[in-house]
Each structure stands twice: as C-alpha cells, then as structure tokens.
Amino acid sequence: MSTSVLVINCGSSSIKYALVSERREDRIFGLAENLGSPEARIKGITTGGQELELSIPNADHEKALETILERLSHHNPQAIGHRVVHGGTLTKAELLTPEIIERIREATPLAPLHNPAHLVGIDATMRLFPHLPQIAVFDTAFHQTMPSHAYRYALPKFLYTMHNVRRYGFHGTSHAYVSERGSQLAGSFKQGGWLTAHLGNGSSTCAIWNGQSVDTSMGLTPLEGVVMGTRSGDVDPSIHSFLASNLGWDIYKIDKMLNSQSGLLGLSDLSNDMRTLIEAADEGNEDAALAIEVFCYRLAKSLAALSCGLPRIDGLFFTGGIGENSALIREKTLAYLPHFGFNLSKENNNALKRGTEGRIDAGTGPQIWVVPTDEEGRIAKETEHVVATLEHATTKKSEAETEVA
Ligand code: ADP
C-alpha cells in the first residue's frame, strides 16, 4: 500500500480508528469510548508503538473525531474508509455520495443499532474533511454473491420483494480477508472450497468457493447463526410467541434478551468472555463447561451445514479473538466433525499464540489454519481500490475530452 488510509468504525458510544499504511507494524490505532459522558476518553497506540490515553470529557462523536484527526493530520491520510455494517443490497465499497448515504439510511431498519452511529461519524468527517475522498465499506457486501437458495427465507414472497426480508450475512470484511490470506498461505489463492469461523464477541461462519461467499451463518440481522458472547444465535422463532403468551414479555424485552443476555453469558450465567469461562470450567463450574460445549457443538453444526454450499472442502480457517487464541475451542469444535476427515495436529494447535498465523492439521484431510483477521487492513485496501478506480476514470474522462477538443 503506497498511501495511508484512516479507517473509522463508529459505534453508538465509541469510535474505533486506525491509520493504515504500508507496514502493519507502523499502524496507529485506538478507541474513543464513553462518548457523551464525563468519562469520555481516547485510548490507543500512537507513533512508535507508544501508548496513548487522553481524557475528552463529554466529547460527542464530532469532538472525538476532531481530536483524533487533529492528532493524525500530520500523517496526511489520503482517504477515509468507514466501516458500515449494513449496506442493504450494495455489492461493493462505494464513494460516499448523497445517494450512497441515502442507501445507508434506508438500510437502518435492518441494522438499527449500527447504521445510525455510522451515519453520525460519516456526517462529522464529511464536515471536518470535505476534501478527502470518503468510502463506505460494508460488512454485508462480501455475501452479496450468495445464491438465492442460500439467502432466501422460506417466508411469503412479498416480505422479500417488498420489504427486503432475506439473509444478508455480516463480518464480510473479515471472512473476505481471512479466506483470501488463508488460501494464499495454502498455495491456492482464491481457489477451492473453504470454511471460515470468525469467533469473537460476535461470531459467524462462512463458506467460500473460488473467493466468493456462497453461504454464511448470520442472516437478516447479526443475531442468526452460531452461539455468541451475548447473542443466542439460532433459536426456534416461536420463542417470541411463547414468551409473550406465557411470561407477558413485549417484543423489546425479547429482543434485548436474545441480543444482550443470551449466548455464552446466558448459558453460563457468569460471563460472555470465553477466557473467563475456560478458567471457570477448569475450576469445576458446570454451567461454564456446558456453555463451552454448546458453543463448540453449534459451531461444528454450522460448519457442517455450510459445507453444503461447497463442491468440495479444501480446508477451514479459524479467526477472531477466540479462533486465534483458543486451542481448546478449536480442538473441541473439530472433535464434532470427524466425518469430514479433519486431522488436527495437537502439537501445532497448542503452539499457536495470539497474532500468529499457521497451519494446524497433521498433513492429511482438509487443511486447518489459524489466520488472524485484519478488518482495518481490508477496509483500507478496499478504500484505496475505490479511490484508484475513481482517479483512473477521471483521467480517462479528461483524456477523452482533450481528444474531442
Ligand atoms: P470482538 O468481536 O469484540 O472484536 P474479539 O475478536 O477480540 O472480539 O474476541 C473476544 C473474545 O475472544 C472474548 O470472548 C475473549 O475471551 C476471547 N479470547 C481472547 N483471548 C482468548 C484466549 N486466550 N482464550 C480463549 N478466548 C480468548
């Protein structure tokens, strides 16, 4: 990468940022958190790997972005790449124009927690940096290659045609990066059939054939699919009417329970954090042990189901905080998939530490790799690609105009 790109990920009360340049070691990154409260602050890593902690009491998104950008302005970023969770049916990264901003706004009912926060960030950076090209990179875009038999729900057709009710999938930048990098490591760049397991606080799986997503575990929203930190993943949809009829719960309460009080936290009644659960299970906590078992079994089930989208399985990539760090979770998950011929090398599996990529199978059966994700790097790359394409189009246009003149 020849230039630097500022990557912004705006949440409802936080902003993640990263200045991505050629060498990953030079990356400057951080998090502005508790925005809108007296505890608002920026924490991160600055030039030369030094730690930064800056109090910005009561700062809102715009003030925090102003502070971040002031600190980074001498690095002259050439463009800003915004992570946007839901792009509706947009299939690739796009220059932020009034029309694209409107499309992001239109997708808000599908990502009510995320898209409004992204729009606040976009609005602020557009005002602060009107001359920099700003690009939106969508979590959903990578999955737009799914065939209709993978993205349609078995619901009345008008819900799809008139209200866009379909499966979209998320974590697209991670699945795209990991499958591309992993297949490159495996010597078959963007070729063949691969499964990815992105396991963090939010988790999802994906099936990729010749570099394209053919199915994924998340659906209309990031609630569908595997067990997550606080999200339930798949449940019987009749849980809504059951809870409404028997406990008198309204839709908001049910939604909150499924999104924020379920998953590992709900099962263990202890924590949403996998490290805490592994420690607790080691000390004999049975609920923590069960939460881990359900997590691994459901994950294996999801991978097995997604394999139907692939003509053959060349291998599996683990990523995300849990996928990159927990040899135990990888081993337990693969133990539920013996019929796929996966043959884990315990030694290689146990040897992999945070941030290291490596192969962990024993040399027979489908390959198994750990590939640390790099969503910021991928967003920066896609941003650069859009900027280069636009520059190329502008040059071509002015050449054509000169010829006519
Ligand atoms: P996010 O989805 O917020 O980006 P991460 O990808 O950082 O989250 O993943 C966070 C999860 O990774 C937490 O559940 C955390 O406990 C887990 N994790 C991190 N390190 C380890 C480890 N050594 N063993 C098991 N789980 C780990």
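**Nonpolar cores, ligand shell and selected residues**

Within the largest nonpolar core, which holds 33 residues, the members that touch the most other members are Leu199, Phe295, Phe318 and Ile329. Two or more residues of this core come from each of the elements β9 (193-199), α10, α11 (286-306), β12 (315-319), α13 (327-335) and β14 (367-370). Helix α11 provides the largest share of the core, namely nine residues. The model described here is a predicted one.

The surroundings of Leu199 were examined with its neighbours within four places in sequence left aside. Under this condition, Leu199 is in contact with Phe295, Leu299, Phe318 and Ile329, and also with the run formed by Thr319, Gly320, Gly321, Ile322 and Gly323.

The ligand is considered next. It is surrounded by 13 residues, of which Asn201, Asp273, Met274, Arg275 and Gly321 are the closest. By residue class, this shell consists of eight polar, three nonpolar and two charged residues. Two helices, α10 (274-282) and α12 (320-325), each contribute at least two residues to the shell. The greatest contribution is that of α12, which supplies four residues.

For Gly321, a backbone N or O atom is found 2.8 Å from a ligand oxygen. For Met274, the corresponding distance between a backbone N or O atom and an oxygen atom of the ligand is 3.0 Å. A polar backbone atom of Ile322 lies 3.4 Å from an oxygen atom of the ligand. Taken on its own, the ligand has 580 Å² of accessible area, and the protein covers 73% of this area. Gly321 and Ile322 are also among the residues in contact with Leu199, and Leu199 is itself a member of the largest nonpolar core.

Attention then turns to a histidine in a strand. His82 is located in β6, which spans residues 79-84. This residue counts as buried because its relative accessibility is 2%, and the cut-off for a buried residue is under 20%. The side chain of His82 takes part in a polar contact with the side chain of Gln134 at 2.9 Å. A further polar contact, at 3.1 Å, joins the side chain of His82 to that of Thr125. When neighbours within four places in sequence are left aside, the residues in contact with His82 include Thr125 and Gln134, as well as Ile8, Leu96, Gly121, Ile122, Ile135, Ala136 and Val137. The C-alpha atoms of His82 and Leu119 are 9.7 Å apart, although 37 residues separate the two in sequence.

In most residues other than glycine, phi is negative. Asn76, however, has a positive phi, near 50°. This residue belongs to the loop between α1 (61-72) and β6, the strand in which His82 lies. Asn164 likewise is not a glycine and has a positive phi, of about 60°. Its position is in the loop between α5 (157-161) and α6 (172-185). Asn164 counts as partly exposed because its relative accessibility is 42%, a value between the cut-offs of 20% for buried and 50% for exposed residues.

Technical notes. Residues are numbered from 1 along each chain as its sequence is written. This is a predicted model: local features need pLDDT of at least 70, side-chain atom pairs count only at pLDDT 80 or more; totals for chains, interfaces and linings use all residues. Side-chain values use heavy atoms; hydrogens and water are left out. A residue is near a molecule or strand if one of its heavy atoms lies within 4 Å of it. A polar contact is a pair of N or O atoms within 3.5 Å; within protein, one must be able to donate a hydrogen and the other to accept it, and residues adjacent in sequence count only if both atoms are side-chain atoms. Accessible areas come from the Shrake-Rupley method with a 1.4 Å probe; for residues, only the protein chains shown count as cover. Ala, Val, Leu, Ile, Met, Phe, Trp, Tyr, Cys and Pro count as nonpolar, Asp, Glu, Lys and Arg as charged, and the others, Gly among them, as polar. A nonpolar core is a set of buried Ala, Val, Leu, Ile, Met, Phe, Trp, Tyr and Cys residues joined through side-chain atoms within 4.5 Å. Buried means under 20% relative accessible area, exposed over 50%, partly exposed in between (1.4 Å probe, protein chains only). Contact means heavy atoms within 4.5 Å.
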